[in-house]
Amino acid sequence: MTTTKHTPGPWRYDGERLRLDSRAVIRAPDGIAVAAAEDFNRYDRDDEVEANARLIAAAPELLEALESTHALLIEMTGGGWPLALRAIAKARGEEDAS
């Protein structure tokens, strides 16, 4: 597997919300904030903000699982999975995110 450039995981979302707005904070193992999920339009969508925060927090593990699964698929079948390759490249910043 390739060395990643992102902040090492596991990241966590522990329900912490910033006081003045609706941001949900995602933190690295050392406690440093690596991301925030928020409702930019100031609508009352706390459930959506928290679901986004949980998804962001899972990103390092999801990438690792996808890379491992893809490597196993290649080993077992000799072929790759284009959708997985695109997602991995996007996460690594190796492909246009569009």
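Contact here means heavy atoms within 4.5 Å. The model is predicted: local features need pLDDT of at least 70, side-chain atom pairs count only at pLDDT 80 or more, and totals for chains, interfaces and linings use all residues. Residues are numbered from 1 along each chain as its sequence is written, and side-chain values use heavy atoms, with hydrogens and water left out.

Helices (DSSP runs of H or I, at least four residues) and strands (E, at least two) are numbered from the N terminus. In α2, L63, L66, E67 and H70 meet A84, L85, A87, I88, A91 and R92 of α3. Seven of these contact residues are nonpolar, one is polar and two are charged. Nonpolar covers Ala, Val, Leu, Ile, Met, Phe, Trp, Tyr, Cys and Pro; charged covers Asp, Glu, Lys and Arg; the others, Gly among them, are polar.

Helix α2 spans residues 59-77 and helix α3 residues 82-92. Their axes come within 10 Å and cross at roughly 140°. α2 is therefore oblique to α3. Axes are lines fitted to C-alpha atoms, for helices over the stretch in contact, and angles run from 0 to 180 degrees between N-to-C directions. Angles under 35 degrees count as roughly parallel, over 145 as roughly antiparallel, 65 to 115 as roughly perpendicular, and the rest as oblique.

Helix α1 (residues 46-57) also meets α2. The two axes come within 5 Å and cross at roughly 50°. α1 and α2 are therefore oblique to each other. L55, I56 and A57 of α1 make the contact with A59, P60, E61 and L62 of α2. Six of the residues are nonpolar, none is polar and one is charged.

The largest pocket holds about 180 Å³ of space. A pocket is an open set of points on a 1 Å grid over the protein atoms alone, where a 1.4 Å probe fits, with protein on both sides within 12 Å along at least five of seven lines. Volume is the space filled by probe spheres set on the points, which are joined across faces, edges and corners. Lining residues, with an atom within 4 Å of a point, are H6, W11, A59, P60, L63, L66, A87, I88 and A91. The largest share, four residues, comes from α2. Eight lining residues are nonpolar, one is polar and none is charged.

A cis peptide bond joins G9 and P10, with omega about 0°. P10 lies in the segment before β1 (24-27).
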